[in-house]
2 protein chains.
Amino acid sequence: MKKSNKKNLSFGEAGRGLSIIKIGGNVIENKEELAKFLTLFANLDGLKILVHGGGKLATQLAAKLGIESKMIDGRRITDAETLEVITMVYGGLTNKNIVAQLQAKNCNAIGLSGADGNAIQAHKRLVKEIDYGFAGDVDGVNNSMISKLLSANLTPVFCAITHDGNGQLLNTNADTIAAEVAIHMSSFYETTLYYCFEKKGVLQNINDEDSVITQIDNRSYTKLLSEGIIADGMIPKIDNCFNAIERGVDKICIGHHSMLDSKNELYTTITI
Amino acid sequence: MKKSNKKNLSFGEAGRGLSIIKIGGNVIENKEELAKFLTLFANLDGLKILVHGGGKLATQLAAKLGIESKMIDGRRITDAETLEVITMVYGGLTNKNIVAQLQAKNCNAIGLSGADGNAIQAHKRLVKEIDYGFAGDVDGVNNSMISKLLSANLTPVFCAITHDGNGQLLNTNADTIAAEVAIHMSSFYETTLYYCFEKKGVLQNINDEDSVITQIDNRSYTKLLSEGIIADGMIPKIDNCFNAIERGVDKICIGHHSMLDSKNELYTTITI
């Protein structure tokens with residue numbers, strides 16, 4: 001299903017391509033890899049948005065301050081002290097250093113949390129079996145404000161923090177932020193979402209780093225699931241990708257951040 | 001000297017009044033005072049920009065991390081570790097919490113360092129007698145970018161961090177940032193700069209908190225200096241104010257942050 005005819009053309013930059021790129025802790029924690037990625041990002045043509053997680057830096061700072069980091073199923077339990085650490089590391093140290101480095105590469109970056117310009121509204125996750133503390137589930141994205149920044153030739157760089165509109169910051173999954181931003185921006189732009197991780201893409205054979213499945217669509221996904229090739233933790237990730245595509249994102253690419261280099265064609269593309 | 005005829009009218013919001021308000025550590029460190037100030041700020045009519053320092057929170061975090069805070073004549077010596085602390089506290093914890101609280105008060109705040117949108121360019125202070133480390137002296141302010149944010153109904157909130165354009169963040173005096181932003185924005189707007197501190201204004205009698213000198217101009221300043229009423233640390237502050245006015249700022253107000261309440265008329269106004 002081609003969605004380009006659904007784009008609202010009320011913004012100056014509308015109709016142009018917009019790339020939303022999410023990087024994880026493995027890139028942020030490695031200065032050389034981060035510099036390489038930021039060069040690729042800065043050189044990327046068209047409008048773009050960066051979303052970064054935080055990774056181990058927050059855990060390391062928490063440890064130095066004697067704050068225990070609690071994780072359940074890979075998700076951080078965010079008590080008040082941990083939220084302060086996350087706000088310092090993600091919103092301050094990581095975000096501002098990325099912005100300064102992008103500026104040095106002639107990319108006019110502007111660092112944002114979800115509170116800035118009311119960019120991403122969320123609510124504190126309801127307590128069911130687990131109390132995640134100050135963890136946010138996204139309610140909305142201020143796509144018109146973000147469009148104004150893009151129209152002013154600014155490149156938003158989001159850290160994984162949202163707010164509830166009542167003065168409370170909330171720790172929020174960076175994959176989710178990237179997807180929600182891409183979904184909401186897809187009203188105005190042809191939108192491609194890039195998920196960067198340590199592998200080259202979704203693998204046909206988990207033991208062969210080069211066995212990248214280059215294309216997954218609804219039909220082939222069903223087959224890959226039934227064959228057990230896509231399994232375990234990869235299932236919710238791919239489900240989330242299809243959810244984003246069904247809600248308006250035009251294309252999703254999964255792979256190593258070197259996929260941003262136009263010479264590299266080995267990564268996984270997900271479309272309907 | 002009236003400067004309103006010098007304003008460049010190329011921006012949508014030009015000609016409207018713009019207030020730049022600087023608050024110091026004494027407000028930031030006190031949650032109740034900060035909430036009161038933010039209510040006054042949010043309710044202030046017209047376009048506005050907030051500049052905040054950091055104060056003791058950075059010193060406290062540095063102490064917890066075993067990093068010694070070195071000050072010379074009230075200025076912080078910023079080594080690499082201290083810069084990280086400042087980036088976390090000023091750029092992250094303080095800035096994002098202020099933004100989230102302003103959003104809750106229906107003020108569409110956007111938090112910025114000088115790196116964001118290349119807002120404030122600086123260079124690392126040259127080493128003369130003292131090596132201040134990663135301390136920045138301001139070279140320029142991107143007033144057209146800031147004007148675009150104001151035109152998008154955003155309220156910039158600056159932390160006291162700049163950048164050198166080569167990827168280096170720099171710790172920068174918040175009073176200086178406020179003055180430089182006001183000076184550069186005065187090309188486009190009728191600009192009033194508010195310096196908030198713990199006293200009600202510049203005092204005639206240092207032992208009488210209510211002996212506020214309500215108006216200082218060039219002529220009365222000379223007299224106050226010769227009489228020794230303005231002395232010591234207040235001299236460079238007032239000199240900086242006159243410098244800002246000579247470079248285009250229309251009015252400067254010095255006093256307690258309650259001066260933002262229109263009912264309060266007791267503070268010091270500095271004009272040419």
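Two residues are in contact if their C-beta atoms, placed from the backbone, lie within 7 Å. By this rule, the contact between the two chains takes 35 residues from chain B and 35 residues from chain A. The model is predicted: local features need pLDDT of at least 70, side-chain atom pairs count only at pLDDT 80 or more, and totals for chains, interfaces and linings use all residues. Residues are numbered from 1 along each chain as its sequence is written, while chains are lettered from A and ligands numbered from 1 in the order in which they are written.

Helices (H or I, at least four residues) and strands (E, at least two) are DSSP runs, numbered from the N terminus. On the side of chain B that touches chain A, at least two residues each come from α4 (80-104), β5 (109-112), α5 (143-151) and β9 (161-163) of chain B. The most comes from α4(B), with 14 residues. This side of chain B holds 14 nonpolar, 16 polar and five charged residues. Here Ala, Val, Leu, Ile, Met, Phe, Trp, Tyr, Cys and Pro count as nonpolar, Asp, Glu, Lys and Arg as charged, and the others, Gly among them, as polar.

Two copies of a chain are related by a rotation about an axis and a shift along it. For chain B on chain A, the rotation is 180° and the shift along its axis 0.0 Å, with an RMSD of 0.0 Å. The two copies are thus related as by a two-fold rotation axis. Both copies use the same surface, since 100% of the contact residues of chain B recur in chain A. The superposition is by least squares on the C-alpha atoms of residues with pLDDT of at least 70 in both copies.

Chain A contains eight helices and 14 strands. Its radius of gyration is 18 Å, close to the 19 Å that the globule rule gives for 272 residues, so chain A is as compact as a globular protein of that length. The radius is taken over C-alpha atoms, and the rule is 2.2 Å times the number of residues to the power 0.38. Along the principal axes, the C-alpha atoms of chain A fill a box of roughly 45 × 45 × 40 Å. Of the 272 residues of chain A, 49% are buried. A residue is buried if 20 or more other C-beta atoms lie within 10 Å of its own, exposed if 12 or fewer, and partly exposed in between; C-beta atoms are placed from the backbone.

Eight strands of chain A form an open sheet with mixed pairing, in the order β5-β8-β2-β1-β11-β13-β14-β12. At the edges stand β5 (109-112) and β12 (215-216) of chain A, each with a single partner strand, so one side of each is left without a neighbour in the sheet. Two strands pair if DSSP finds at least two bridges between them. β12(A) pairs with β14 (residues 268-270) of chain A in the parallel sense, over two bridges. I216(A) stands opposite I270(A) in β14(A).

Chain A is assigned domain 1 (13-191) and domain 2 (197-272), with bounds from an automatic or database domain assignment. Their centres, taken over C-alpha atoms, are separated by 22 Å. The contact takes 17 residues from domain 1 of chain A and eleven residues from domain 2 of chain A.
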